[in-house]
Amino acid sequence: MKKGYLGIDIGSISTKGVILDENNQILESSYIWTEGNPIEAVKRLLKELQNKTKDITIYGIGTTGSARKLIGLMVDADVVKNEITAHAIGTTQFYKNARTILEIGGQDSKIILLKDGIITDYAMNTLCAAGTGSFLSSQSKRLGVEIEDFGTLALKSKNPVKIAARCTVFAESDLIHKAQVGYQKEDIIAGLCRSVVLNYLNNVGKGKKIEEPIVFQGGVSKNKGVVKYFNEILKTEVIVDPNSHLMGAIGIAIMAHQKQSKTPKNLKILDISFETKGRECEGCSNHCEILRIYKDHKFIESWGSKCGKVS
Amino acid sequence: MGDYAVPAHFLLSHIVRNKIIKPKPITTKTIEIGTKYSPEFVCTPFKYTLGTMIEGIEEGANILIQAGGGCRYGYYAELQEQILKDLGYNVKLYNLVTAGTTDIKRIYKIMKEIDPKFSILKGIYYGSITKKMIQYMDHIDHYIRANIGFEIEKGSFQKLKWQMLKDFENVKTHTKLRRLYKKYKKEFQKIKTNKPNKTIKIGIIGELYTIMEPYSNYELERTLASMNIEIKRYTDVSYLLFQKHKKIKQYLKNTSEYITYQMGADAADNIGRAKELCIEGYDGIIHIKSSFCTPEIGAMPVLTKVCADYQVPIIFFSFDINTSEVGIQTRLEAFYDMLEMRKKNEKRISRN
């Protein structure tokens with residue numbers, strides 16, 4: 001029996017899982033769509049990982065990503081950490097001297113600056129999803145192109161169109177206009193990839209000193225078009241790891257490993273029912289949204305009360 | 001705003017005979033009402049105060065007193081009065097501050113209008129007690145902020161503070177107030193804490209309303225305290241009313257390499273404070289403001305530069321009525337992790 005450490009990164013669009021060994025090397029990994037249901041997604045993810053790994057016992061679990069708290073409760077995680085820290089720790093495992101991490105995910109994008117493996121500064125997009133993966137995927141549907149083919153198509157373009165990059169709403173109407181005046185599909189797609197890069201550098205990367213080596217990750221890093229324009233605009237080569245989409249999960253698995261738990265984990269949660277029920281509290285005029293979490297039909301925790309008197 | 005309703009109520013209830021209605025604590029409903037009747041892109045303090053006013057009127061208030069100035073807040077009273085009139089409320093709104101300054105003669109006239117029997121001696125007497133009360137409150141708050149993150153029994157600081165405010169409401173003389181202050185100061189110091197020698201220290205700077213009203217900054221100080229962080233903040237009513245005019249000159253002098261003039265509201269003060277925090281060895285700075293706050297937006301690039309020069313991390317938050325709490329939590333958590341990692345590696349970096 002080998003010892004393994006499980007990291008789960010539950011993002012808005014995709015759910016990632018990795019199992020690391022004692023030396024923090026990847027034993028198994030899995031990448032599936034969240035499809036708006038993190039609980040079901042994690043169950044599917046664990047089933048997949050379990051089928052692949054028969055002779056591994058899990059000694060530590062970590063969760064990160066936007067559903068980290070809920071899933072952390074569900075799988076009884078040792079570490080529940082935000083995705084910024086997880087990404088930094090995962091990346092420095094493979095690129096010890098990385099200075100800049102560019103990360104574009106489904107709903108958010110961030111930039112992390114490092115020195116000697118320590119985060120020195122970071123920024124994350126606010127309010128708006130402009131220039132993130134979800135915008136690219138919604139536009140790919142509109143153009144009738146599979147998101148997986150997006151990058152290859154973009155590389156074919158010789159004449160990328162200029163697209164208003166500030167805001168998704170403007171970008172979309174600009175896009176429709178460009179399509180209606182007869183631009184080639186690949187030129188429009190290339191323009192879109194370019195606008196994602198410009199938007200990222202103007203919003204998230206604003207005022208940050210981007211120094212080499214630069215590591216680019218998150219789901220969008222799989223898009224060759226976006227990588228090309230990052231290289232072109234930053235006038236350097238950004239590093240894209242083959243596992244760039246898994247870095248968050250790897251980072252959190254490393255942190256779970258550091259906890260040095262002695263007892264093996266039970267992953268039988270597949271058969272356990274897990275649900276949350278929301279209600280609005282009428283106790284005062286705050287009307288807090290109270291979330292009650294039930295595991296196996298038993299109430300275990302509640303979130304959201306401002307006064308702390310209601311559960 | 002925050003706990004300052006206590007001294008405000010204390011002062012007014014002693015100098016005029018009118019019935020004083022205490023504003024209700026700000027809740028989701030307050031901000032919903034405020035937002036409904038405010039221009040969309042006005043800054044959030046406008047929405048909060050308008051909501052509070054309407055809630056006060058529904059409770060029976062027919063005279064409202066507003067005090068503000070320094071930035072576009074100076075025009076809010078007139079605008080809010082017009083909105084209230086358009087809504088059909090028949091109320092009188094007095095603004096104590098005009099064109100950014102307080103004119104004693106004008107205030108006297110206003111007080112006479114509110115209560116014709118208003119006596120100037122009584123006004124001065126209770127005014128001076130109120131001033132002291134605010135200063136005492138702010139002193140205690142400074143102590144609480146630096147220690148509340150490390151209390152052993154959760155909630156003990158808050159409980160004692162409520163008790164103190166309740167006692168403050170009933171004082172009549174300077175002597176009584178001073179005795180109470182001394183008594184509570186001792187009791188606060190008696191509260192057991194487990195503060196380690198090396199804690200993470202964060203300074204909070206930014207726009208004054210958002211800093212002082214915990215509801216509008218999503219209880220930032222409480223969240224930081226729960227992460228065992230020592231907090232320092234400069235802005236309080238004592239500062240704004242009694243220290244600002246002296247301090248601002250000092251700040252401008254100290255930061256002459258960055259700025260030459262004031263930029264409205266507390267923008268220049270915050271730049272001065274940021275430099276001070278950097279020099280004093282604080283681990284990080286959090287800058288908060290309500291969305292669309294113009295003076296602070298002007299200060300942000302300068303603050304970035306100050307912090308880059310001293311290599312102290314700074315993080316900016318803009319609070320609006322629709323801010324997602326989860327988003328704040330994620331960023332704060334990451335900020336904390338970063339500071340902790342830096343602290344652990346401080347020695348290693350300084351050696352390089």
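This is a predicted model: local features need pLDDT of at least 70, side-chain atom pairs count only at pLDDT 80 or more; totals for chains, interfaces and linings use all residues.
Local features need pLDDT of at least 70 and side-chain atom pairs count only at pLDDT 80 or more, while totals for chains, interfaces and linings use all residues. Residues are numbered from 1 along each chain as its sequence is written, chains are lettered from A in the order in which they are written, and side-chain values use heavy atoms, with hydrogens and water left out.

**View 1. The largest nonpolar core, around L224(B).** This core has 80 residues, and F188(B), L224(B) and I286(B) have the most contacts inside it. (A nonpolar core is a set of buried Ala, Val, Leu, Ile, Met, Phe, Trp, Tyr and Cys residues joined through side-chain atoms within 4.5 Å; buried means under 20% relative accessible area, exposed over 50%, partly exposed in between, with a 1.4 Å probe and protein chains only.) Skipping neighbours within four places in sequence, L224(B) is in contact (heavy atoms within 4.5 Å) with I202(B), I204(B), I229(B), I231(B), I286(B) and L332(B). A second, separate core of 34 residues includes L201(A) and Y229(A).

**View 2. The salt bridge between D337(B) and K81(A).** Here N and O sit 3.3 Å apart.

**View 3. D115(B) and R17(B), a pairing across chain B.** The N to O distance is 2.6 Å. The partners are 98 residues apart, with D115(B) in the loop between α5 (104–114) and α6 (120–147) and R17(B) in the loop between α1 (5–15) and α2. (Helices are DSSP runs of H or I, at least four residues, numbered from the N terminus.) D115(B) is buried at 3% relative accessible area, whereas R17(B) is exposed at 59%.

**View 4. E81(B) and K85(B) on one helix.** The closest N and O atoms of this salt bridge are 3.7 Å apart. Both residues belong to α4 (residues 76–86) of chain B, and because they are four residues apart, about one helical turn separates them. E81(B) is buried at 17%; K85(B) is partly exposed at 47%.

Key: A salt bridge is a side-chain nitrogen of Lys or Arg within 4 Å of a carboxyl oxygen of Asp or Glu. Helices (H or I, at least four residues) and strands (E, at least two) are DSSP runs, numbered from the N terminus.
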